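This report describes how one structure is put together, from whole chains down to single residues. Please look at the sequence and the model before reading on.

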Amino acid sequence: MFDIDKWQEILFTIRKNKLRTFLTAFSVAWGIFILIILLGVGTGLQRGVEYDFRNDAINSIRISAGQTSLPYKGLQPGRRWSLKSEDYRDIKNKIKGVEHATARFHCRGDFTVRYRHKYASFNVRGVSPDMMYIENQTPVLGRYINRLDLQSRRKVAVIGTKVVEGLFDKGANPIGKWIDISGVQYRVVGVYKDQGEEGEMKNILIPLSTAQVAYNAKNTVHTIMYTVGDASVKESIAMADQTREMLSEKYRFDPKDQRAIYIGNNLENFRKFKNLFLGVKAFLWVIGLFTIIAGIVGVSNIMYIVIKDRTREIGVRKAIGAPPGSIIGLFLQESILITLVAGYIGLIAGIAVIEFAKWALVAFDVNAPYFKDPEIDLFTAVMATVLLVVSGAAAGYFPARKAAGVDPIVALRDE
Amino acid sequence: MIYLHKITKSYEAGGHSLQVLKDVNLEIEKGELVSIMGSSGSGKSTMLNILGILDKYDSGTYSLNNTLIKNLSERKAAYYRNQFIGFVFQSFNLLSFKNAMENVALPLYYQKVGRKKRNMKALEYLDMVGLKDWAHHMPSEMSGGQKQRVAIARSLISDPKVILADEPTGALDSKTTMEVMDIFKEVNRKGITVVIVTHENEISELTDRMIFLKDGRIIQKAMANAS
C-alpha cells in the first residue's frame, strides 16, 4: 500500500493549495469536533440522570400514606391514615412479581448520638432486612439488620460509614460497641455503604419493630418500598395500580384519589428519563452527522476543483497507460488523507475539550444537575474513525470517478 | 505494424453528425518514419487519437502489432497504450511536480516496476537524449527543446512499438526543431515505428513517407501537391 510516488503527488497538491486544503480540512475537523462534543455532552447527560437515580434500586416502588382529598363511601375528605407493618408483607405475598419488600419507620427529629465522649447528630430509621436491596446498601463490616433482630426487637444498630467517621476514632472497630441514641443503648452490629449520595451514609438503621416500640408507634410505618424484579415498565405500573387498589380497599379511600396515597415508581421515572436522553442522544448524533456532511461536501468540492486543475495531467497519465483504477485510487487516497488527518485533529481536540470539562467539573466541584462525567467511550471513538474513513472515501469517490472518466483527448487539448 | 481498414468516425455536433473519417485505409510497416499531414479539420487529430487508442472508431478494423484494437475496455486500452505506444505532444505534457527523471520513469510506474529500477532506466534514456545532467531538474527549469527531449525519453522508456508524435515541434524554434527531429530519426534507426502528425512541410520532408489527409480521406501525394 505504501507508495512513495502516490504520496509524493498527494503532498505536492496539498502543499500547492495550502489555504484551500486548510479550509476544507478545517470544515471536516470542525464537524468531527462538534460531533465529539455533542456526544460527550450526551454521555454526560445520561450519566447525570443515572447518577440521580443511583440512591435507590431503579426497579423500586415506594408508597407512603397521604391525606384523602375525595369523599369515599360516606367518608369525609381530609382524613389521614397510615401504613402498617403487615402491609409490606401483604404486598409481598399478594402482589405477583414483588421481589423484595420492606417498610421504613422514620424516627422524626434529630437525634443526638453518643459514643463515649463523642456526640453527633444523625437520622435514625427503623428498617426491615430487605431494605438493603432497595436502598442499594451493602454491609462493609459485620452484618445488616436481620429477621431475628426484627422478631425479638433487639436494640442493635447498623450504621453508615459517615456515622463511623463521626463517632469513632480512626481505625477503631465499631462492631460490638454500644452507642447511645437519645438515652437508649444500641449495640453496633454492622457498618453499611450506600451507592447513593453521602447523606445516605449518615443514617443509623435499627430494626423496624424496635423503632416502633421506642417511639410508641404501635405498628405504624412511614414508607413501604418494594422492588419489581425484572418487570417491564408496563408490568411495574400494573403492580403499582394493584397496590393502590389493595390499600384503598383496606384503608377506605378512593383509588382515584391522588393525594390519599403517594406511589413513586422509580422504574417508570427512570425509563422516562432514559428515553428522553436517548432521544437527546439520537438528536445530537443527527446534528453531528449533518455537521460532518457539510465538511464532506467541502472535501468533495475541493476534490472536484483539484480534478479540474489537473485534467491535463490526468490526460497525460491516461495516454501513458494509467488504468482507470489507479486514477481513482490517487484521488480517493488524497480525499481520505485530508479527511482522516483533519478528522483526527478534530477528534483529539474534541476529546481534549471533553476531558477538560470532566476534570473541571470535578476540580471546581461544579454541581450541575443531570450532568456528570462527560466522556467519549472507545466505541464512539472507533465509530467516529470509521465514519471518517467512510466519509473521506465517499467525498473522494464521485470526484475520482469523474477523474477516471476524463477523456484524454479533451484533457490534452485543454490549454 | 499499423493496419487500418475502412475506418469511419463521426461526431455528433449540433444535432447532426459530422463524419470526420471516411473509409480510411492505411498500412504502416514496422520501422517506418511516417508523417501525417493535413490542414485543421482534415481529421488528422482524430486519426492520431484512434491510432493512439485514445478514441474509438465507428466501423472498420484497426490492428496494432497484430492485435485487434476494437471495443476495448478502459483498462485494456490503458494496457495497450502502455505496452505499444509512446506519445509525444506539442505542449510536452510533463508533470510539473516531478523532475525530469521521475517524468521519464512514469510509464514504468504503471507497469509496476520498482522505484529504483525505474529511475535507473530513466537515467539511461535521459542520457540517450543528452540530458543526463538534467535528471534532477524540474520541468519549469528547462527550455522547450529540453522538455521535448524529456518527453521523448518518456515515450521510449516503455519500449513501445510505435511513437505517436502530435506536432512535436510546434512549440519549438527552428534550431531545436532540428535537434528533436534528429532524435526521432535516431529512434527510428533503432527500428521503432514513428508517426508524426504535423502541418509543417519542413518536418514532413524529413520523414520517409507522407500521408495526406483531406476532408477525412487519405489522398494521393500527387493530388496533395497539386492542391
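The model is predicted. The table sets out some overall values for each chain.

| Chain | Residues | Helices | Strands | Buried residues |
|---|---|---|---|---|
| B | 227 residues | eight helices | ten strands | 46% |

Contacts can also be sorted by how far apart the two residues lie in the sequence. In chain A, 81% of the contacts between residues at least 6 apart join residues at least 24 apart. For chain B, 70% of the contacts with a separation of 6 or more are between residues 24 or more positions apart.

**Where the chains touch**

The contact between the chains involves 18 residues of chain A and 20 residues of chain B. On the side of chain B that touches chain A, helices α2 (74–84) and α3 (100–109) of chain B each supply at least two residues. The largest share of that side comes from α2(B), with six residues. By class, the side of chain B that touches chain A has eleven nonpolar, four polar and five charged residues.

**Two helices of chain B**

How do α3(B) and α5(B) lie relative to each other? Helix α5 of chain B covers residues 144–157, and its axis and that of α3(B) come within 7 Å and cross at roughly 25°. Angles under 35 degrees count as roughly parallel, and α3(B) and α5(B) are therefore roughly parallel to each other. Their crossing is right-handed.

From α3(B), the contact takes Ala100(B), Asn103(B), Val104(B), Ala105(B), Leu106(B), Pro107(B) and Leu108(B). From α5(B), the contact takes Val150(B), Ala153(B), Arg154(B) and Ile157(B). The residues in this contact of α3(B) with α5(B) are nine nonpolar, one polar and one charged.

In soluble globular proteins, nonpolar side chains tend to be buried together. In this model, the largest nonpolar core has 113 residues, and those that touch the most other members are Ile32(A), Ile36(A) and Val104(B). Helix α2 of chain A, residues 18–52, gives this core its largest share, twelve residues. A second, separate core has 54 residues, among them Ala101(A), Ile145(A), Leu247(A) and Ala260(A).

What does Ile32(A) touch, not counting residues up to four places away in sequence? The residues it touches are Ile292(A), Gly343(A), Gly346(A), Leu347(A), Gly350(A), Ala384(A) and Leu388(A).

**Two partly exposed residues**

Trp81(A) sits in the loop between β1 (60–65) and β2 (83–84) of chain A. It has 16 other C-beta atoms within 10 Å and is partly exposed. Leaving aside residues up to four places away in sequence, Trp81(A) touches Ala65(A) and Tyr251(A). Trp81(A) and Tyr251(A) are 170 residues apart along the chain, while their C-alpha atoms are separated by 7.3 Å.

Ile219(B) belongs to strand β10 of chain B, residues 217–219. Why does Ile219(B) count as partly exposed? A residue is buried with 20 or more other C-beta atoms within 10 Å, exposed with 12 or fewer, and partly exposed in between. Ile219(B) has 16 C-beta neighbours inside 10 Å, so it counts as partly exposed. The C-alpha atoms of Ile219(B) and Val24(B) are separated by 9.9 Å, and the two residues are 195 residues apart along the chain.

Technical notes. Residues numbered from 1 in each chain as written. Chains lettered and ligands numbered in written order. Predicted model: local features only at pLDDT ≥ 70, side-chain atom pairs only at ≥ 80, totals over all residues. Contact = placed C-beta atoms within 7 Å. Helix = DSSP H or I, 4+ residues; strand = E, 2+ residues; numbered from the N terminus. Nonpolar A, V, L, I, M, F, W, Y, C, P; charged D, E, K, R; others polar. Axes fitted to C-alpha atoms, helices over the stretch in contact; angles between N-to-C directions. Parallel < 35°, antiparallel > 145°, perpendicular 65-115°, else oblique. Left-handed = near helix turned anticlockwise from the far one by under 90°. Core = buried A, V, L, I, M, F, W, Y, C linked by C-beta atoms within 7 Å.
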